[in-house]
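Me: Please take a close look at how charged side chains pair in this structure, and then follow the chain from those pairs into whatever surrounds them. I would like one connected account, with the cut-off given for each term.

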Amino acid sequence: MKMKTLAAAILMAAPLTLAAFSSYAMDKVTLKLAHNLDTNHVVHQALAQMAKEISTASDGKMKLRIYPGGQMGGPRETLELLQNGALDMTKASASEMEPFSPAFSIFSLPYLFKDQAHFNKVIYGPVGHAMMAETRDKGFVSIAAYVAGTRSFYANKPIHTPADMKGMKIRVVATPTTIKLIELLGAAPAPIPFGEVYTALQQGVIDGAENNEPSYVQTRHVEVAKFYAEDQHTSVPDFLVISTKVWDKLSDEQKQILEAAAKHSETYEQELWDKEVAASRKQATEAGATFIKVDKEAFRTALAPLYDDFRKDPVRGEWLSKIENEAAQ
């Protein structure tokens, strides 16, 4: 068993090892990557590990310089910097990619994935890779995808079914799909800035919000919204994005090193994320939060009209069919 594990590790490392042997002939390059996450975030940790791997594999001739914490602005700003040639790489969620390609709006559709296996098959398979190339004509493409858990509602009162949400004011990311999602559940969407959510919950301006467990704890929203309803309505991935001009200028060997390190970072981020979710749930419970197992079928039924909207759209309807077909195979 140990021999098999060792052999697998050697095979996994082989592409990078081969690249390192020929790196003496490689041109030096430093790639600048900016994102809006804290250095404690699991995606930043995965990117930092990727930077080390790139440097080692290239014998120090390829470097990834990371600018965290919004030093160069939020996702919209960093994506525009990529387009303008002022930045090489960034991290963006599917929601933040939506303005550049309608394909990414598919992730706003609730209950899109049957389970985690279906999600992984789509994101890391041919469908996901095709989607990641959709923005090439916009000046950038994605070379890795990262899990960001599932988003659920949390509020200042228990939520078990959509009927419990009637009349509630819920903060959401301001996209047409998420706004209609809230309305279909009988609540009122409140697209306020993320940084204002804590105070809005505290003062009763809004009744609830929605996000994954780590965000629920890290933002301290758990202090002012004690009920976390595990409806798990959406799974919105993050993407590692690179400028197409930068990508096209890299040599085949440099691309090989970057792609291999990016692939490894996907696995590493998943491991870190799973640990983070478990730790966050423990912290939330200790802070007095109540996790509620909801009637998911009732939520699916209430949100079914969103699927009709997507199927009527030729672009989004095609992507929806591709994703549903992956579950059937």
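Reply: **Charged pairs and the sheet beside them**

The side chains of Glu210 and Arg151 come together in a salt bridge, with N and O 3.0 Å apart (a salt bridge is a side-chain nitrogen of Lys or Arg within 4 Å of a carboxyl oxygen of Asp or Glu). Glu210 lies in strand E8 (residues 208-211) and Arg151 in strand E5 (residues 151-155), so the pair ties together parts that are 59 residues apart in sequence; helices (H or I, at least four residues) and strands (E, at least two) are DSSP runs, numbered from the N terminus. Glu210 and Arg151 are both buried, where buried means under 20% relative accessible area, exposed over 50% and partly exposed in between, with a 1.4 Å probe and protein chains only.

This is a predicted model, in which local features need pLDDT of at least 70 and side-chain atom pairs count only at pLDDT 80 or more, while totals for chains, interfaces and linings use all residues. Residues are numbered from 1 along each chain as its sequence is written, and side-chain values use heavy atoms, leaving out hydrogens and water.

By the salt-bridge rule the count comes to 16. One of them joins Lys138 to Asp137, with the closest N and O atoms 3.7 Å apart; here Lys138 is partly exposed at a relative accessible area of 33%, and Asp137 is exposed at 63%.

Another salt bridge is formed by Arg281 and Glu213, at 3.3 Å from N to O. This pair links distant parts of the chain, 68 residues apart, with Arg281 in helix H11 and Glu213 in helix H9 (residues 213-218). Arg281 counts as partly exposed at 25% relative accessibility, whereas Glu213 is buried at 8%. Both residues belong to a network of salt bridges that links Glu213, Glu230, Arg281 and Lys293.

Following H11 is Gly288, whose phi is positive, near 100°.

The sheet comes next. Five strands form an open sheet of mixed pairing in the order E2-E1-E3-E10-E4, two strands being paired if DSSP finds at least two bridges between them. Its edge strands, E2 (62-67) and E4 (140-146), each pair on one side only. The twist averages 30° from one strand to the next. H11 packs on this sheet, touching E1 (29-34), E2, E3 (89-93), E4 and E10, and its direction makes about 35° with that of E4. Contact means heavy atoms within 4.5 Å, and angles run from 0 to 180 degrees between N-to-C directions of axes, which are lines fitted to C-alpha atoms, for helices over the stretch in contact.

Within the sheet, E4 and E10 (residues 238-243) run antiparallel and are joined by six bridges. Val141 stands opposite Ile242 in E10, and Ala144 has Leu240 as its bridge partner there. E3 and E10 also pair in the antiparallel sense, over five bridges, with Thr90 opposite Val241. E10 itself is mostly covered, six of its six residues being buried: Asp238, Leu240 and Ile242 point one way from the strand, and Phe239, Val241 and Ser243 the other way.
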